[in-house]
Number of protein chains: 2
Amino acid sequence: MSQVVVVGGGLVGCLLAVYLARRGHRVLVFERHEDPRADRISGVRRPSINLTLCERGLAALEAVGVRDQVLRLAVPALGRRIHAPDGHVTYQPYGNRGEAIQSISRRELNAALMDFASAEPNVSVHFQQKCVQVDFDRPSATFEDARTSETSEVEAECIFGADGAHSALRSHLQKTDRFDYSQQYWTQGYRELTMPPAGPMRWPLAEDSLHIWPRGGYMLIGFANHDHSFSCALHLPFEGENSHQSIRTEAGLMEFMRAAFPDAVGLIPNLAAEFFAARANSMLTVRSKPWHHGDEALLIGDAAHAILPSYGQGANAGFEDCLLLDGCLEKHKHDRRAAFQEYEASRRPSMDAMADLCIEHFAELRDRVADPAFLRQKAIERRLNELHPDLYEPLYSMISFTRRPYLDAVRVERRQQEVVARLLEMDRIEERVDTPEVRQMLEDAARGSDGGVAE
Amino acid sequence: MSQVVVVGGGLVGCLLAVYLARRGHRVLVFERHEDPRADRISGVRRPSINLTLCERGLAALEAVGVRDQVLRLAVPALGRRIHAPDGHVTYQPYGNRGEAIQSISRRELNAALMDFASAEPNVSVHFQQKCVQVDFDRPSATFEDARTSETSEVEAECIFGADGAHSALRSHLQKTDRFDYSQQYWTQGYRELTMPPAGPMRWPLAEDSLHIWPRGGYMLIGFANHDHSFSCALHLPFEGENSHQSIRTEAGLMEFMRAAFPDAVGLIPNLAAEFFAARANSMLTVRSKPWHHGDEALLIGDAAHAILPSYGQGANAGFEDCLLLDGCLEKHKHDRRAAFQEYEASRRPSMDAMADLCIEHFAELRDRVADPAFLRQKAIERRLNELHPDLYEPLYSMISFTRRPYLDAVRVERRQQEVVARLLEMDRIEERVDTPEVRQMLEDAARGSDGGVAE
């Protein structure tokens, strides 16, 4: 039985280990941190950021039979509730057919996936092991034990880097000739805040939705947990007015929060303690090329292509990577290099498109959320989708509720945006959206999208 | 006397050490490789790639009094000699007033700069010392001796990274939060070839020029040495037809070279041995941000901003960095952080513009050198400069023969290119270049450039 190494026991590393074990490999997973299930024993529940699973991620879980167990840990969100500065709340369903995304604690999801991986007969997981050296020729990876500082070299047929945006495997690849790489930080960072349950079995906010307090330069987002709490992320610029740097005192924090999020501030009892407990989390976009080194090494998930969380796609993309890679490994059973090549060639254009899209969308949230022209455009897009659900599919739906390649979704959206731009130039278009003329424009655009002509 | 560390004893590291010593610092230079002057003792002259010094680099050498000594090692090139496939040679002078760039062996230049640095009373140079760890808080850097494998930690007031495109200091900065970074390799690589002297004191080609054999997908460039040899660089794609990968045998190499460079091949007696001696050299563009870490560390030269050699500016930009940094350190004598901030703020836009420009220019050489529309455009540009030398300044001249900030040169060129684009749309423009109408267009463009309006 051939031995492979997975660097990283996070979300993608655990799922990948299951896939690889099912393909007949002995899989050794090396994780830098402690076992994420440690708090089950200690009973100390540490807070965790939430993420949302959508169709792509769930399909990858389903293929190895763990979808339903994961869904038991999640709370479905059927739409967004937008909180205006005056406290007024607007509900926007995600889809026309009751589609939902699944809010889940990152830590709990990781623990569940660690259970699944550990339950595989051919998977072994080794914690507190930092990857300090890689030899691509052998191939082998060397790990340093955080407890003893001892190092051990592990030989394997192939080394998979599923070790996230700050991947150690990638930092070794980066030093090989002709490896293209970029890391680009977002101008804002977030701090994690908690809204505890409002009472026994009672959420502090409607649990059927993501809650968003968009304020242009900053925003608050709340995700429901299945323990009836909400996990929130407060996004602020790093520097300047109302920033992580400028808010330095409890009084300053409370003044800012009361003015910006009056209906949220009372739901966060430990606001100051949580805010000042740690520095702000940064977010970055990572691009790397190539993702594989011969047939000896492959980067996957955030290690290959970290994206901003604008569309909640980081974990979903990483899970989908596992599913797509598995298909390529199945197709090229006796030629792993060919499998890696096909996987990268087919997946890269989608992840490049998503990287750009997520930056644009975050910039839009930051810069245009109060811009009347932008709001008018968004209203027309919603109206087009209501009137012509067969012809106008919101980008968010294509990304979250289909498995259409990201690149296709982005291309369809580009054509739809051309129609919207033309509509916005017309007089009193709001009154004319429901005309045969507009339907014809959408039909022409949709035909373009079916033509399958490479752009 | 305060102690500073310079990581890297290459071209920029040596010059920077001189500048810093003159500012009153004790300077410790740590170089990963052996002393570049070692071959003076051994008598074994290893080949070296050449580079060209222009006004920017020479001004930075002059400011510390070493310009003339360096020029004694150089051969001036007053223009380009373009070798057509049929052997026909066209001469293009670089300037209208006899301006020249200076061709020099990289190794000899490095050795000379090492002499200058070592002659400074407060500079000590330590060879075969690899930077393996950096502590930005102390600050300190740890070096491993290549001979003994022993490590030593060196504390310093400030650590300068002048250690080139693959900078070790930068790789430590890259792991700090919110450090933006990219490395992007060029699709082509080069191999070094030598044309020995044609006889005693006789160059094999006219030594007053750079020699270029542009062939679109590949090219050969020759630089005169003061020992009467020529150093050549053969640029080929890494993969595909006529590439480093496809040329695998001496017979295949000779066939390719005879067809592509018939008038050069006979001048390179050790062609096959040199070609197959090592793998092709890659070239890359490096972008990093920020260049400084508080007042404890600064990246300079290629370590901060490696660019492709399209305009021969890598070393010149690095030398000019030293001169500009020195100006900022003089202005903010008691606030190094402020000096670093001003240096980065003023220099970054120029280096960003150059990075893009050098990629565009290399792509143009590769893709458009045989394109009739491109050749027509180049002919009109030359004609405009001949007729209106006061109003149309070639980009190459602004970069090579002035100290105008790179960004200004790029902006002026953009306006000039707008005029050229408009001219190219006119009928029989070749006959009308010498009209008051065209002069007026150039005057309008030049006024725009003097308006100083931010773009």
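Predicted model: local features only at pLDDT ≥ 70, side-chain atom pairs only at ≥ 80, totals over all residues.
**View 1. The interface between chain B and chain A.** On the side of chain B, 15 residues are in contact with 15 residues of chain A. The size of an interface is often given as the accessible area lost when the parts come together. Between chain B and chain A, the buried area is about 1600 Å². Carbon and sulfur atoms give 36% of this area.

**View 2. Salt bridges and polar contacts between chain B and chain A.** Four salt bridges are counted between chain B and chain A. One of them joins the side chains of A:Glu239 and B:Arg178, with an N to O distance of 3.3 Å. The side of chain B that touches chain A is made up of four nonpolar, six polar and five charged residues.

**View 3. Pairing of strand S13 of chain A with strand S13 of chain B.** Strand S13 of chain A, residues 180-185, pairs with strand S13 of chain B, residues 180-185. The pairing is in the antiparallel sense and runs over three bridges. Within this arrangement, A:Gln183 has B:Tyr181 in S13(B) as its bridge partner.

View 4. A:Asn316 belongs to helix H11, which covers residues 314-331 of chain A. A:Asn316 counts as buried because its relative accessible area is 0%, and the cut-off for buried is under 20%. The side chain of A:Asn316 reaches two backbone atoms: the oxygen of A:Thr52 at 2.9 Å and the nitrogen of A:Cys54 at 2.9 Å. Leaving aside residues up to four places away in sequence, A:Asn316 touches A:Thr52, A:Leu53, A:Cys54, A:Arg56, A:Gly57 and A:Tyr406.

View 5. Helix H15 of chain A, residues 406-424, contains A:Gln417. A:Gln417 counts as partly exposed because its relative accessibility is 21%, and partly exposed denotes values between the buried limit of 20% and the exposed limit of 50%. With residues up to four places away in sequence not counted, A:Gln417 touches A:Gln377, A:Glu381 and A:Tyr392. A:Ile159 is 258 residues apart from A:Gln417 along the chain, and the C-alpha atoms of these two residues are separated by 42 Å.

Conventions. Residues numbered from 1 in each chain as written. Chains lettered and ligands numbered in written order. Heavy atoms only, no water. Contact = heavy atoms within 4.5 Å. Buried area = accessible area lost by both parts, 1.4 Å probe. Nonpolar A, V, L, I, M, F, W, Y, C, P; charged D, E, K, R; others polar. Pairing = 2+ DSSP bridges. Helix = DSSP H or I, 4+ residues; strand = E, 2+ residues; numbered from the N terminus. Buried < 20%, exposed > 50% of the residue type's maximum accessible area, 1.4 Å probe, protein only. Polar contact = N/O pair within 3.5 Å; in protein donor to acceptor, adjacent residues only side chain to side chain.
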